[in-house]
Amino acid sequence: MKQLIIGIVLVILFQNFACFTTNTADKSITPKNTQQPDKKDHKMDSTTKFTDLNKDAFALHKDAIVIDTHNDILMPIFIEGADISKDNHNTQSDFVKWKEGGLDVQVFSIYVPVRYKSNHFNYVMKLIDKMEEYSTQYSEIFYLAKHYDELMKAYSKGKFCGLMGAEGGNMIEGSMENLETLYSRGVRYLGLTWNTSNEIGTSARDESTRGGLGGLTEFGKHVVTRMNELGMLVDVSHLGETAFWDVVQISKDPIIASHSNVYNLAPHYRNLTDEQIKAIAKSEGYIGINFYCKFLDPDASSTTSIHNKYKNGLKSIEDEYGSDFVKFNEKRYEYLTENKTSSGTPVDVLIDHIDYIVKLVGVDYVGFGSDFDGGVYTPNELYDATCYPIITKKLVERGYTEQDIRKILGLNFLRVFKQVCR
Ligand SMILES: [Zn+2]
């Protein structure tokens, strides 16, 4: 009964939210892609709707499928009691912010915080239970997908879609049976390691700080093969470079890095060298750009005070224009441009990482893996998950075409997901 009441309240909340936005294009009412059957079929080359991108950047963002391949909201939910359905003050993301940011698909990170020393697999089962609970409780607005077809079906109905990706192979506790359970319960990628090495292989942090080589263990090699057989994406974010090259040797499917950046721009063990980026592209894989300033900018410092200043300064604009997605984003962008600061990390640095990958291997292999709510501080203008449209505007300013922007916003990951998670 309680769930039913919460569900009804949430539907009303979303419908009210819809009333504040431009009615014809609103996602919760009108499926965005009813005009574009080609998008569903991936014939993305023919998708062009906007003649003046400088004017229509935010309309394009609203129209395109927007996907983020890494988010840690389950951590503040489990540890701090955050509520996914509310506009929480202390989270970077939730249903309200994703909607305001024009996000359509979020891959939820299934991750066991380091404070839990044992029983990782049990903890993971609870996280998955929670995701399934959300899917039932908020079924009017949210759908937890396992396969491409059902993802696209829910998206075409205007629902916000969730996928699950696991972070840290330690959670399977050396058991192939546990890997299979993860798959059967809907987890569609596994990051082979987090920062700590495990039964599968050596992490990037361990490899860099201990100077050890490492690689995949025999068990780890079997895990990769089995993931290929199951139709589960191998995620190399956090993985040591030696193990990375083992994966390249073994995996027959495209390889993804769900939340990693360019080492050549920000030399951090979590980032990818040019050779790694080329290998991922060669596998027809995908790289989700991480919004964490430390992985973007070698000179990064906390952006919290800048974010607070912007959020306060934007209150009146939100009150006045919050009802209109395009207008609000235009006014917000004006404000952010006029109130640029020389400190922190500007969003342009994040665009540099996208640009770098595009120039190195082409436009088909990059997207977003924000890492929101994973304890990260993000570029000045990207203060929370409402801010994805700012990236689209910046891509327009850099001269990206509509097709290219659609690929970066979501179609690149969708291509890989369709191929592997059929
Ligand atoms: Zn991570």
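Visitor: What makes glutamate 173 count as partly exposed?
Guide: Glutamate 173 has 17 C-beta neighbours inside 10 Å, and since a residue is buried at 20 or more and exposed at 12 or fewer, a value of 17 lies in between, so glutamate 173 counts as partly exposed. This residue sits in the loop between β4 and α8, and glutamate 173 has a positive phi of about 55° although it is not a glycine. That deserves a remark, because most residues other than glycine have a negative phi.

Visitor: Before we go on, how much confidence does the model carry?
Guide: This is a predicted model, and the mean pLDDT of the protein chain is 90, with 89% of its residues at 70 or more. Over residues 1-46, however, pLDDT stays under 50, and for that stretch the model has 58 contacts beyond four places in sequence.

Visitor: Why is histidine 238 called buried?
Guide: Histidine 238 has 24 other C-beta atoms within 10 Å, and the cut-off for buried is 20 or more, so histidine 238 is buried. Histidine 238 is found in the loop between β6 and α11, and its phi is positive, about 80°, although histidine 238 is not a glycine.

Visitor: How do you know that strand β5 is mostly covered?
Guide: Five of the five residues in β5 (residues 187-191) are buried. Strand β4 (residues 160-167) runs parallel to β5 and is joined to it by four bridges, with methionine 164 opposite valine 187. Between these two strands the chain passes through helix α8 (residues 176-184), and this β-α-β crossover is right-handed. Strand β6 (residues 233-235) also pairs with β5 in the parallel sense, over three bridges, and there aspartate 235 is the bridge partner of glycine 191.

Visitor: What makes β7 and β8 a pair?
Guide: A pair needs at least two bridges, and β7 (residues 255-257) and β8 have two bridges, in the parallel sense, so they meet the condition. Alanine 257 stands opposite isoleucine 287 in β8. The chain gets from β7 to β8 through helix α12 (residues 274-282), in a right-handed β-α-β crossover. Strand β9 (residues 366-368) pairs with β8 too, in the parallel sense over three bridges, and valine 366 in β9 stands opposite isoleucine 287.

Visitor: Which way do the residues of β8 point?
Guide: In β8 (residues 286-289), Tyr286 and Gly288 point one way, while Ile287 and Ile289 point the other way, and all are buried. In a regular strand the side chains alternate between the two faces of the sheet.

Visitor: Why is isoleucine 408 called buried?
Guide: There are 27 other C-beta atoms within 10 Å of isoleucine 408, and 20 or more is what the word requires, so isoleucine 408 is buried. Isoleucine 408 has its place in helix α19 (residues 402-420), and it touches Ile354, Val363, Val366, Gly367 and Leu395, not counting residues up to four places away in sequence. Isoleucine 289 is 119 residues apart from isoleucine 408 in sequence, and 10.0 Å apart in space, C-alpha to C-alpha.

Visitor: And why does asparagine 412 count as buried?
Guide: Asparagine 412, which also lies in helix α19, has 25 C-beta neighbours inside 10 Å, and with the cut-off at 20 or more, asparagine 412 therefore counts as buried. Leaving out residues up to four places away in sequence, asparagine 412 touches several others, including Tyr286, Asp364 and Val366.

Visitor: How do you know that the buried residues of helix α16 are on the same side?
Guide: The buried residues are Phe325, Val326, Phe328, Asn329, Arg332 and Leu336. They cover an arc of only 160° around the axis, which puts them on the same side of α16. These buried residues pack against α3, α14, α15 and α18, whereas the face turned away from the buried side carries the exposed residues Glu334, Thr337 and Glu338.

How values were computed. Residues numbered from 1 in each chain as written. pLDDT = per-residue confidence, 0-100. Contact = placed C-beta atoms within 7 Å. Right-handed = clockwise from strand over helix to strand, strands pointing away. Arc of directions from axis to C-beta.
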